[in-house]
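Welcome! Let us learn to read a protein model together, one feature at a time.

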Amino acid sequence: MKKHAKLTVIVLAVVLALSLALVLAACEQPETKTAYGLVHGKGYVGKATVVRAGDSLVSAELDEACLPTYVTAKSAIEGYTVEGKYSSHGEPATANFYKTVKFADVTMTYDATEAGGFSKGYMVGTQTMLEFFAVEANCEKYFEAVAKNEVKVVLADGEKTDILNAKALLKTQNNYWGTPAENALGWKANVEATCNYVVENGFDGASKKEDFEKKDNSATNPKLDNELVDKNGVKTGATWTDMWDYFSLLKSAFGK
């Protein structure tokens with residue numbers, strides 16, 4: 001009986017060891033995680049995608065969808081556009097905004113009523129556009145609708161999906177900041193630098209916006225005259241103004 005008891009104990013130990021090994025192996029399998037949120041002065045909906053294996057960051061990607069206000073009508077269309085006043089680099093300007101925009105189960109309506117000297121802009125019920133996009137699930141709805149060309153603009157001849165589409169709104173497709181000056185990186189180069197930085201260094205280099213400090217590293221590269229360096233002195237290779245926004249969104253995706 002004692003031999004049988006010992007054998008049973010050994011078998012159980014082997015089974016437990018194999019089970020633990022399988023659990024650990026499963027934990028190390030690569031997983032794709034995403035996070036959505038407003039970035040760059042709350043003017044765009046960002047999407048961060050990371051692949052993690054256990055505690056390791058394998059890869060990272062960023063994309064941004066411009067908000068519906070990014071595309072306007074060249075001329076007024078009675079009943080279907082609204083003249084709105086907005087801030088253009090701090091100066092008042094006007095444009096013909098499409099009155100009604102739809103995506104998923106959401107309807108946005110442009111309100112030209114002025115508040116603080118500028119139009120209220122797109123509303124979702126009683127919420128302003130920025131209040132609506134303060135919720136990650138709403139950012140996801142919008143971004144994915146843009147990516148799938150499912151954002152509709154209401155016009156006299158129907159709901160059009162070829163106006164606020166991926167080509168017009170996604171920064172990976174619309175050439176946003178695509179032809180920078182000689183001493184500027186541009187959007188795509190900043191995305192690449194930021195993603196490479198977090199993959200190589202993780203997220204310990206900053207816990208607040210001020211942890212990224214601008215340094216003039218143009219001696220090594222004329223495009224890095226305002227390169228961002230983290231609190232540990234690690235060069236990020238990025239120069240864009242809102243590094244903290246993108247870093248935080250990538251960190252949020254990694255933490256899911």
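This is a predicted model: local features need pLDDT of at least 70, side-chain atom pairs count only at pLDDT 80 or more; totals for chains, interfaces and linings use all residues.

Q: What share of the residues in the protein is buried?

A: A residue is called buried when its relative accessible area is under 20%. Here, buried residues make up 40% of the 256 residues.

Q: Among contacts between residues at least 6 apart in sequence, what share joins residues at least 24 apart?

A: That share is 53%. Take Met 123 and Tyr 110: they are 13 residues apart in sequence, and their C-alpha atoms are 6.1 Å apart in space.

Q: Where is Met 123 placed, and is Met 123 buried or exposed?

A: Met 123 belongs to strand β8. With a relative accessible area of 14%, Met 123 falls under the 20% cut-off, so it counts as buried. Leaving aside residues up to four places away in sequence, Met 123 touches Thr 107, Met 108, Thr 109, Asp 111 and Thr 128.

Q: Now a charged residue, please. Where does Arg 52 lie, and what does the side chain of Arg 52 reach?

A: You will find Arg 52 in strand β2, which covers residues 44-53. Its relative accessible area is 14%, so Arg 52 is buried. The side chain of Arg 52 reaches the backbone oxygen of Phe 254 at 2.5 Å. A polar atom of that side chain also lies 2.6 Å from the backbone oxygen of Gly 54. Beyond residues up to four places away in sequence, the contacts of Arg 52 include Gln 29, Pro 30, Glu 31 and Lys 33, as well as Gly 255 and Lys 256.

Q: How do I read a pocket, and how much space lies in the largest pocket?

A: The general idea is that rolling a probe the size of a water molecule over the atoms shows where empty space is left. In this model, the largest pocket holds about 760 Å³ of space. Its lining has 27 residues, and those nearest its centre are Gly 43, Leu 67, Thr 69, Tyr 86 and Ser 87. By class, the lining divides into 13 nonpolar, eleven polar and three charged residues.

Q: Which element gives the largest share of that lining?

A: Strand β8 does, with five residues. Other elements that each supply at least two residues include β4 (81-88), β5 (91-98) and α2 (129-132).

Q: What volume does the second largest pocket have, and which residues lie nearest its centre?

A: The second largest pocket has a volume of about 200 Å³. It is lined by 16 residues, with His 40, Trp 177, Thr 239, Trp 240 and Thr 241 nearest its centre. This lining has seven nonpolar, five polar and four charged residues.

Technical notes:
Residues are numbered from 1 along each chain as its sequence is written. Side-chain values use heavy atoms; hydrogens and water are left out. Helices (H or I, at least four residues) and strands (E, at least two) are DSSP runs, numbered from the N terminus. Buried means under 20% relative accessible area, exposed over 50%, partly exposed in between (1.4 Å probe, protein chains only). A polar contact is a pair of N or O atoms within 3.5 Å; within protein, one must be able to donate a hydrogen and the other to accept it, and residues adjacent in sequence count only if both atoms are side-chain atoms. Contact means heavy atoms within 4.5 Å. On a 1 Å grid over the protein atoms alone, a cavity is a set of points where a 1.4 Å probe fits but cannot get out, and a pocket is an open set with protein on both sides within 12 Å along at least five of seven lines; lining residues have an atom within 4 Å of a point. Grid points are joined across faces, edges and corners, and a volume is the space filled by probe spheres set on the points. Ala, Val, Leu, Ile, Met, Phe, Trp, Tyr, Cys and Pro count as nonpolar, Asp, Glu, Lys and Arg as charged, and the others, Gly among them, as polar.
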